Number of protein chains: 6
Amino acid sequence: MRPSGRAPDQMRAITIEPNFTRHAEGSVLVGFGDTKVLVTASLEERVPPFLRGKGEGWVTAEYGMLPRATHTRGSREAAKGKQSGRTQEIQRLIGRSLRSVVDMKLLGERQITLDCDVLQADGGTRTAAISGAWVALRLAVNTLLTSGKLTVDPIRQKVAAVSCGIYQGTPVLDLDYLEDSAADADGNFVLLENGNIAEAQATAEHATYDEEALLRLLRLARIGCTEIFAAQDRAVR
Amino acid sequence: MRPSGRAPDQMRAITIEPNFTRHAEGSVLVGFGDTKVLVTASLEERVPPFLRGKGEGWVTAEYGMLPRATHTRGSREAAKGKQSGRTQEIQRLIGRSLRSVVDMKLLGERQITLDCDVLQADGGTRTAAISGAWVALRLAVNTLLTSGKLTVDPIRQKVAAVSCGIYQGTPVLDLDYLEDSAADADGNFVLLENGNIAEAQATAEHATYDEEALLRLLRLARIGCTEIFAAQDRAVR
Amino acid sequence: MRPSGRAPDQMRAITIEPNFTRHAEGSVLVGFGDTKVLVTASLEERVPPFLRGKGEGWVTAEYGMLPRATHTRGSREAAKGKQSGRTQEIQRLIGRSLRSVVDMKLLGERQITLDCDVLQADGGTRTAAISGAWVALRLAVNTLLTSGKLTVDPIRQKVAAVSCGIYQGTPVLDLDYLEDSAADADGNFVLLENGNIAEAQATAEHATYDEEALLRLLRLARIGCTEIFAAQDRAVR
Amino acid sequence: MRPSGRAPDQMRAITIEPNFTRHAEGSVLVGFGDTKVLVTASLEERVPPFLRGKGEGWVTAEYGMLPRATHTRGSREAAKGKQSGRTQEIQRLIGRSLRSVVDMKLLGERQITLDCDVLQADGGTRTAAISGAWVALRLAVNTLLTSGKLTVDPIRQKVAAVSCGIYQGTPVLDLDYLEDSAADADGNFVLLENGNIAEAQATAEHATYDEEALLRLLRLARIGCTEIFAAQDRAVR
Amino acid sequence: MRPSGRAPDQMRAITIEPNFTRHAEGSVLVGFGDTKVLVTASLEERVPPFLRGKGEGWVTAEYGMLPRATHTRGSREAAKGKQSGRTQEIQRLIGRSLRSVVDMKLLGERQITLDCDVLQADGGTRTAAISGAWVALRLAVNTLLTSGKLTVDPIRQKVAAVSCGIYQGTPVLDLDYLEDSAADADGNFVLLENGNIAEAQATAEHATYDEEALLRLLRLARIGCTEIFAAQDRAVR
Amino acid sequence: MRPSGRAPDQMRAITIEPNFTRHAEGSVLVGFGDTKVLVTASLEERVPPFLRGKGEGWVTAEYGMLPRATHTRGSREAAKGKQSGRTQEIQRLIGRSLRSVVDMKLLGERQITLDCDVLQADGGTRTAAISGAWVALRLAVNTLLTSGKLTVDPIRQKVAAVSCGIYQGTPVLDLDYLEDSAADADGNFVLLENGNIAEAQATAEHATYDEEALLRLLRLARIGCTEIFAAQDRAVR
């Protein structure tokens with residue numbers, strides 16, 4: 001039995017509140033249950049040095065967790081003077097995931113930065129961030145289309161992400177903190193609406209796993225992402 | 001005329017939403033108009049090294065601004081690897097302000113950290129932070145009183161803060177971003193409910209000012225803080 | 001056709017030279033073709049703070065690349081003053097991979113640090129590092145068994161890793177630099193000798209992939225790891 | 001009674017030794033009693049990036065304290081690798097204070113940096129620094145006027161600063177270390193020769209204060225600054 | 001001919017002003033011509049971790065240069081966030097030099113830190129620092145002898161240092177900035193009063209040199225140090 | 001008697017393996033006994049900012065030690081976030097030494113960076129690095145001559161370095177770790193093939209030394225460098 005009483009293939013409630021803040025070209029407050037992430041999409045009419053003059057755009061991400069997003073207060077990365085390895089790993093994953101659905105030639109020489117800040121954490125912050133970031137990105141690109149700066153949409157399709165893991169011997173979908181901290185193995189899957197995979201990661205935490213388990217986690221992820229795609233749809237409509 | 005159409009002595013709408021997040025012993029989302037600050041109060045049963053064994057507690061604060069809280073995206077301090085001078089100045093001010101109303105002997109050897117993170121900025125983030133932090137602190141101390149860890153309340157009274165400034169020759173209360181960026185002088189006043197002053201700061205930005213102006217700013221601050229004290233009252237009830 | 005002329009399921013030459021340096025409790029120079037990584041295992045009779053007094057050991061890893069291991073000189077991380085996100089991601093992966101085959105209770109309160117320094121890079125540095133690190137760890141633990149400090153072997157089985165990817169539409173094993181920099185997708189698989197998976201990661205670089213492709217990459221990885229296990233065997237004999 | 005035996009409105013001896021070092025365009029050793037600060041004004045024919053091409057100059061300040069300027073040795077900020085919040089707060093105040101009396105258009109596209117290094121500390125280092133910095137700035141600007149690079153003086157008037165505080169219930173002028181460390185409240189006032197205020201700051205340390213006290217501190221500051229203006233006059237003559 | 005008109009074996013005027021600041025256990029302002037270094041000796045009744053419990057003391061040094069000690073302003077190391085290689089090299093040299101004349105067993109478990117801060121630079125700052133530091137150390141140790149904390153003097157003899165170099169083909173003593181920046185080779189010699197050498201360093205800058213030149217530099221250094229020993233004597237008397 | 005049984009003027013075995021890695025324009029693995037240093041020479045067609053447009057080249061060096069090159073594991077400088085003073089001192093010495101034999105005008109506007117990474121340490125790492133770096137530099141410059149980018153050789157002659165010291169009262173050549181850690185004094189000498197000195201450094205560690213000792217160390221260094229020059233000759237042939 002899961003601590004939350006959910007069925008193995010049951011997601012937590014997904015909430016995506018668009019336009020949560022005013023200044024960003026796109027912004028959402030995304031919730032997977034008690035996990036709440038504020039994502040803003042910031043549009044800049046310039047690209048990083050390695051892309052200058054190539055006629056291509058860039059999508060990148062930064063990730064942070066407020067010190068008391070968690071059960072016990074963590075130290076503030078700005079005060080410590082560096083981002084942890086975990087933070088860097090997550091923000092690299094978010095950036096790669098969103099880039100997998102954007103045509104950079106069509107975007108043109110501009111950059112969109114997705115800032116994902118966790119206001120409250122209960123497991124799955126990176127997958128909530130990716131899922132919400134797609135909506136923020138969608139909203140920001142819409143401003144380009146509306147204003148006529150772009151005439152062809154550079155976003156090819158939706159992307160969403162969800163965590164899965166093996167908890168007390170059972171593959172389960174969308175781990176919360178209690179599950180995440182005790183799982184034998186857990187993974188994150190970044191899926192496209194057409195069924196393709198942008199990223200699959202599964203890590204043994206307390207026990208290694210076999211090929212069959214990997215496939216079952218992937219199948220659970222498909223169930224979860226179907227729900228997320230629907231929530232993304234509602235949010236941008 | 002003020003850009004917002006407010007009267008010179010008119011505050012923006014004050015909103016204080018208690019228990020905005022779950023994990024912290026106290027938390028609020030405080031708003032002064034479009035300025036929105038999430039404040040959490042984290043309680044730890046230990047004190048900094050310089051206080052160990054003295055039987056006294058400590059109250060401290062950290063401040064941050066999300067990269068896209070502002071009109072244009074600023075760089076993330078965690079990524080730059082250091083907090084700006086502005087950030088440090090603000091968090092020192094918040095900590096001092098809250099300590100001015102706490103009896104550290106009564107608090108006992110425990111520390112309360114007030115994390116003030118600006119989700120959206122429109123001027124006055126530090127004063128909104130102080131005003132909200134008092135509520136978060138109040139909620140956190142209430143848990144100590146309720147649980148019986150404390151029997152005497154270490155909070156002596158309320159503290160609130162508001163900015164004032166001279167905008168186009170007129171002293172005005174609670175500057176928003178448009179006013180703040182064009183003010184001749186601006187200041188921050190931290191006041192106690194009994195009328196006393198915890199901190200008064202007034203800085204010439206584009207023009208120096210005289211003693212009469214300083215007093216008018218202080219009088220405006222009294223008007224604003226009266227409103228804030230009422231909002232604090234409503235939030236903790 | 002692969003640039004190297006290899007068949008899709010063909011590994012590069014695997015070389016594992018044990019005892020490459022003198023001071024470390026275990027050391028190897030591991031080569032996957034032109035990729036050369038020096039791995040040392042350092043044994044210390046203490047554990048990190050979070051494990052003190054729990055009767056358990058710890059295995060951790062650090063990773064570095066010499067500035068001119070690559071085709072063009074990269075900057076030295078020690079001179080820049082920080083490790084890149086890529087470096088941190090890799091050393092976290094190496095540490096997790098090795099921990100998956102060690103019984104920490106049996107190891108006792110001691111730490112083994114695996115330093116993986118790339119002397120020459122031609123793709124697959126992290127997987128060569130993991131594969132070599134197992135040998136260095138084996139040698140270091142052997143000194144504990146020989147000296148009588150341990151009587152029961154805490155290493156449960158072998159672990160090895162290899163990269164796979166989709167290059168010009170074809171799934172291939174053990175990517176070299178030319179393949180790695182042009183692959184549509186690539187992944188790293190960390191496998192145990194009993195067939196279980198410690199870590200599976202597959203990332204879309206230029207094109208997303210489907211479930212069938214993921215499985216074919218995993219099957220290639222099994223072929224590669226079988227060869228690596230044999231090379232590990234020869235090295236520790 | 002004050003520890004030094006001074007009357008409540010009595011300054012310590014003010015000494016301003018111009019041209020204390022040779023290389024800087026302006027330099028002074030300023031003393032407020034045992035507080036000794038070396039201030040140099042360095043002139044550069046360039047401005048910070050945000051001002052380039054605007055036809056305006058810039059005046060900025062940096063502040064440091066030698067490790068053994070104080071009663072017990074403090075750590076060296078260069079060795080720790082960062083400036084404290086206190087240091088940054090002070091150097092921002094010094095810069096703002098001096099900018100309040102300079103016409104940046106008249107200065108033209110050049111920058112003057114005021115380095116304020118405390119050789120010996122006995123309270124009031126920031127106010128001594130501001131008061132001395134005006135003389136160093138005056139000397140540096142004089143070289144521009146003498147050389148004909150400037151024909152109109154960009155310095156509008158004098159600026160000086162002094163600390164005041166409430167010590168054992170009595171408002172006193174120009175706190176030394178013994179008073180400063182025990183004061184109920186203390187403040188720093190930056191005044192112009194025409195009586196206007198560039199900056200007023202008053203902070204409750206051990207007790208909050210009322211409006212009357214704020215005004216008495218300001219009046220004491222006027223007495224002190226009158227003396228400082230006279231000392232500045234003597235120094236530049 | 002030397003720019004200053006000095007003879008090849010002629011030192012600049014040596015000035016050593018003891019007790020230049022009040023708080024340190026020992027302090028001097030040392031001058032070699034226009035080079036002025038403030039040295040303080042700070043005594044602490046504790047030793048670094050590697051010496052705890054061994055019954056031995058420690059002498060160490062830190063070095064800094066005020067930003068405008070030089071002809072053109074250099075950046076402040078505290079603001080840059082790190083000490084340059086040159087700074088670290090110099091402070092290591094100063095520490096070693098002073099340790100060469102102190103009996104650490106006799107000093108007992110206490111540390112003396114020599115802070116050497118260059119107020120004005122005209123070549124030879126490190127050698128002036130070493131020569132002045134001996135006096136500051138002497139004064140600090142005297143306080144231990146006077147107070148009865150030590151009964152046997154741990155300072156064995158005097159140590160002094162001077163630079164020498166080959167300027168326009170001629171070996172010269174005590175290089176000033178003009179000579180230093182154009183010298184073919186230059187060196188620093190740290191000598192004891194009994195004639196022994198604590199440190200000899202000679203570096204080719206624009207031309208390598210032969211053994212005979214090395215010996216002539218050493219002989220010039222002996223001449224210079226004889227004068228410095230006399231100045232040290234006068235300062236501590 | 002020396003711990004290794006060597007005669008006082010006996011070097012350890014010198015090995016210089018050219019082309020140890022593939023990508024660098026020049027590379028060697030240099031060994032002085034058990035000290036093993038990998039040196040790569042990286043050629044870039046650009047110079048540092050201070051040399052741009054002057055028609056001159058630059059030769060510089062960086063130095064690092066792998067964490068377990070030594071008897072006990074040291075911390076990784078990249079992980080600590082800064083290079084030690086020792087590291088910086090050594091890399092400055094290596095750069096200066098190599099520059100002493102290169103005609104920068106003939107080299108033209110290009111930079112050669114010598115990365116010296118210690119794989120295994122047993123004393124004398126900096127002198128082995130300098131001696132090996134000359135070979136790496138020679139190989140890199142040869143590629144310029146072969147390709148016709150240079151027609152005149154900018155390398156004037158060979159440079160080599162060796163350590164000497166006073167061990168148990170006897171001057172000895174090429175100290176290993178056991179000698180180095182117990183020597184009364186030790187030094188590093190950088191010599192040219194024509195007998196000239198590029199750098200002489202001798203430091204009292206446990207006892208100061210006299211002029212005669214300095215000369216004997218220099219004479220030992222000449223013996224050692226003669227052997228190193230021969231080994232360099234063999235390596236580049």
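Across the interface of chain B and chain A there are 14 salt bridges, a salt bridge being a side-chain nitrogen of Lys or Arg within 4 Å of a carboxyl oxygen of Asp or Glu. One of the salt bridges joins D115(B) to R76(A), with the closest N and O atoms 2.7 Å apart. The model is predicted: local features need pLDDT of at least 70, side-chain atom pairs count only at pLDDT 80 or more, and totals for chains, interfaces and linings use all residues. Residues are numbered from 1 along each chain as its sequence is written, chains are lettered from A in the order in which they are written, and side-chain values use heavy atoms, without hydrogens and water.

In contact, meaning heavy atoms within 4.5 Å, are 36 residues of chain B and 36 residues of chain A. The two chains bury about 2,900 Å² between them, 51% of it on carbon and sulfur atoms; buried area is the accessible area (1.4 Å probe) lost on putting two parts together, summed over both.

A rotation of 180° with 0.0 Å of shift along its axis places chain B on chain A, with an RMSD of 0.0 Å (least squares on the C-alpha atoms of residues with pLDDT of at least 70 in both copies). The copies are therefore related as by a two-fold rotation axis. The same surface serves both, since 100% of the contact residues of chain B recur in chain A.
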